[in-house]
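Hi,

Here is the structure I promised to pass on. Have a look at it first, and then read on for what turned up.

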Amino acid sequence: MTTTTIELKPSAHPLSDAEREAILANPGFGRHFTDHMVTIKWTEGRGWHDAELVPYAPLSLDPANMTLHYAQEIFEGLKAYRQPDGSVAVFRPEANAERFQRSAARLAMPELPVETFIAACDALVQQDKAWVPAHGGEASLYLRPFMIATEVGLGVKPANEYLFIVIASPAGAYFPGGVKPVSIWLSEDRVRAVPGGIGAAKTGGNYAASLLAQAEAAAHGCDQVAYLDALEHKWVEELGGMNLYFVYEDRIVTPELTGSLLAGITRDSLLKLAKDLGHQPQEGRVSIDDWRRDTENGTLKEVFACGTAAVITPVGRVKCASGEWTQSGGEPGEVTMRLRESLLAIQTGTAPDPHAWMHPLG
Ligand SMILES: *Cc1c(COP(=O)(O)O)cnc(C)c1O
């Protein structure tokens, strides 16, 4: 498949306007799904084929489907925002498409062409445009492209057939009552990813590996886990699903991409946006000792997490086995909030888009 033709087979029974509006009044996150999905198959020897937009529906899988046993699965997450003129634009879909290819390569899966990934997202957003929340808040339509192996069998090997799917879910403002700092549990024994492993791929396996530490964080009264590197248990890497930024007096540091952390698109966007706003962003290394000492001596002013779902989340409190400390007095930091508002303004179309990040729907 060189050019991407997606056959449209829309639902004869989409939700009524009233039912959809009731959901959009309080969508939450990942709880409701739109009327349609896009599916594209890949078969060895034939490549990508049978691209279609069909009604959202359960899949029927053989119990010996390889994904269920060996976890050959990858996914993406990106958002479509309603613009002030009522049109819809998607934030940096080509960056997600490229990362999806890198994840596929790491998991020995076929790479979906970038233009096909974008065409699939566009077709779904176009069809389910009424599901994109109104302009004026931080609400969006969250797109979840993913790929699974569909070969049946228990032999361990890369599968010979796959299914790519895009589904969409309306997402409300992450902090409906106003931005609230999160508390972080610094896990000094559990690791998320190792050098040479799959930490840089967006795959469900990394999330499965993070759930126990997340439960431990909750048991310590914390919202999120921060992971350290697997070799020295010293260098801060990321949260289970968000990257970290450290705001110093004179510079803003985010952990460098060592191969065991995920190259977030929000992280990348903030490296550029922070520079636009006159800061000095840099990729570097921050140890757990730096974090604590520099907070206590006052040079580390703010810490925040970033990712597509929450955009930017301030860190208000940090806890580890040897103690705990407050970050920015437990309040959202000034730089954190300015970056958050600036990025959201580009996404929602209320500020110019100097890097051409927004992909308008055709
Ligand atoms: C998706 C993800 C992020 C954030 O990436 P964005 O592209 O900014 O949404 C960070 N860490 C992990 C492990 C992720 O899966």
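Is Phe91 buried or exposed? Phe91 is buried, because its relative accessible area is 8%. Just keep in mind that this is a predicted model.

Phe91 also has a ring partner: with Trp357 it forms an edge-to-face aromatic pair, 5.8 Å centre to centre and with 80° between the planes. The two sit in distant parts of the chain, 266 residues apart, with Phe91 in strand 6 (residues 88-91) and Trp357 in the loop between helix 8 (334-347) and strand 18 (358-360). Trp357 counts as buried too, at 4% relative accessibility.

That is one of the 12 aromatic pairs that a search of the whole structure finds. Another is Phe29 with Tyr142, also edge-to-face, at 5.0 Å between centres and 65° between planes. Phe29 belongs to the loop between helix 1 (17-24) and strand 2 (36-43) and Tyr142 to strand 7 (residues 140-149), so this pair ties together parts that lie 113 residues apart in sequence.

Now for strand 9 (residues 182-187). All 6 of its 6 residues are buried. In a regular strand, side chains alternate between the two faces of the sheet. Here both faces are covered, with Val182, Ile184 and Leu186 buried on one side and Ser183, Trp185 and Ser187 buried on the other.

As for its neighbours, strand 9 pairs in the parallel sense with strand 16 (residues 311-320) over 4 bridges, and Trp185 stands opposite Lys319 there. Strand 9 also pairs with strand 10 (residues 224-228), again parallel and over 4 bridges, where Ser187 has Tyr227 as its bridge partner. Strand 9, helix 5 (residues 204-219) and strand 10 together make a right-handed β-α-β unit.

Last, the ligand. It is surrounded by 15 residues, and the closest are Lys202, Tyr207, Glu238, Thr266 and Thr308. A polar side-chain atom of Lys202 is 2.7 Å from an oxygen atom of the ligand. For Thr266, the distance from a side-chain N or O atom to a ligand oxygen is 2.6 Å, and a polar side-chain atom of Thr308 likewise lies 2.6 Å from an oxygen atom of the ligand. On its own the ligand has 380 Å² of accessible area, and the protein covers 97% of that.

Cheers

Conventions:
Residues numbered from 1 in each chain as written. Predicted model: local features only at pLDDT ≥ 70, side-chain atom pairs only at ≥ 80, totals over all residues. Heavy atoms only, no water. Buried < 20%, exposed > 50% of the residue type's maximum accessible area, 1.4 Å probe, protein only. Pairing = 2+ DSSP bridges. Right-handed = clockwise from strand over helix to strand, strands pointing away. Near = heavy atom within 4 Å. Polar contact = N/O pair within 3.5 Å; in protein donor to acceptor, adjacent residues only side chain to side chain. Areas by Shrake-Rupley, 256 points an atom, 1.4 Å probe, with all protein chains shown as cover. Phe/Tyr/Trp six-rings, centres within 6.5 Å; stacked < 30°, edge-to-face > 60°.
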